[in-house]
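Colleague: I am new to this one, and I would like to understand the words you use for it. Could you show me the structure and let me ask about them?

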Amino acid sequence: MPIDMNKSRREGMRWYILLALHRGEPVGCGDTMLRDIMDDIYDSVTPNELQQQLNYLERSELVTIKRSPLNKWHGKLTAAGIDFVEYVSDDRAGIKRPTPATSW
């Protein structure tokens, strides 16, 4: 079965957005910073692509987004988003969260 690269990119980007927002707690991150981070990982991330993934995460109730009239976005994790990033809650379809490392 061939790998769907677009799906893999979307799901991976969602995970990295959540990680970036977690690192930015308690303030969160603006869209420009998030796009720079995603561009370092995925190359050529458009503002529209980033906004699509943020919208998905907002609908999943993992992030909240403040949108300014100048089309600037600022995201923060919800409590459910923090639990997801910290592996307190179960996996969710549509987000490529790595299996947590086990310690001995």
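Modeller: Let me start with helix α3: what covers its buried residues includes α1 (5–23), α2 (31–42), β2 (63–67) and β3 (73–77). This is a predicted model, where local features need pLDDT of at least 70, side-chain atom pairs count only at pLDDT 80 or more, and totals for chains, interfaces and linings use all residues. Residues are numbered from 1 along each chain as its sequence is written, and side-chain values use heavy atoms, with hydrogens and water left out.

Colleague: Why is Q53 called buried?

Modeller: Buried means under 20% relative accessible area, exposed means over 50%, and partly exposed lies in between (1.4 Å probe, protein chains only). Q53, in helix α3, has a relative accessible area of 2%, so Q53 is buried. Also buried in α3 are E49, L50, Q51, L54 and L57.

Colleague: Which residues does Q53 touch, not counting residues up to four places away in sequence?

Modeller: Contact means heavy atoms within 4.5 Å. By that rule, Q53 touches R10, M13, R14 and I17.

Colleague: Is G94 buried or exposed?

Modeller: G94, in the segment after α4 (79–85), has a relative accessible area of 15%, so G94 is buried. Leaving aside neighbours within four places in sequence, G94 is in contact with E11, R14 and Y56. G94 and Y56 are 38 residues apart along the chain, and their C-alpha atoms are separated by 9.0 Å.

Colleague: Why is M33 called partly exposed?

Modeller: M33, in helix α2, has a relative accessible area of 49%, so M33 is partly exposed.

Colleague: What makes Y16, M33, I37 and I41 a nonpolar patch?

Modeller: Patches are made of residues with over 30% relative accessible area and no salt bridge; nonpolar side chains (Val, Leu, Ile, Met, Phe, Trp, Tyr) are joined within 5 Å, and like charges within 9 Å. A salt bridge is a side-chain nitrogen of Lys or Arg within 4 Å of a carboxyl oxygen of Asp or Glu. Together these four residues have about 340 Å² of accessible area. The largest share of the patch, three residues, comes from α2.

Colleague: How do you know that β2 and β3 pair?

Modeller: Two strands pair if DSSP finds at least two bridges between them. β2 and β3 have five bridges in the antiparallel sense, so they pass that cut-off. In β3, W73 is the bridge partner of R67, and L77 stands opposite V63. β1 (residues 29–30) and β3 pair over two bridges, also antiparallel.

Colleague: Why are β1 and β2 said to stand at the edges?

Modeller: The three strands form an open sheet in the order β1-β3-β2. β1 and β2 each have a single partner strand, so one side of each is left without a neighbour in the sheet.

Notes. Helices (H or I, at least four residues) and strands (E, at least two) are DSSP runs, numbered from the N terminus. Accessible areas come from the Shrake-Rupley method with a 1.4 Å probe; for residues, only the protein chains shown count as cover.
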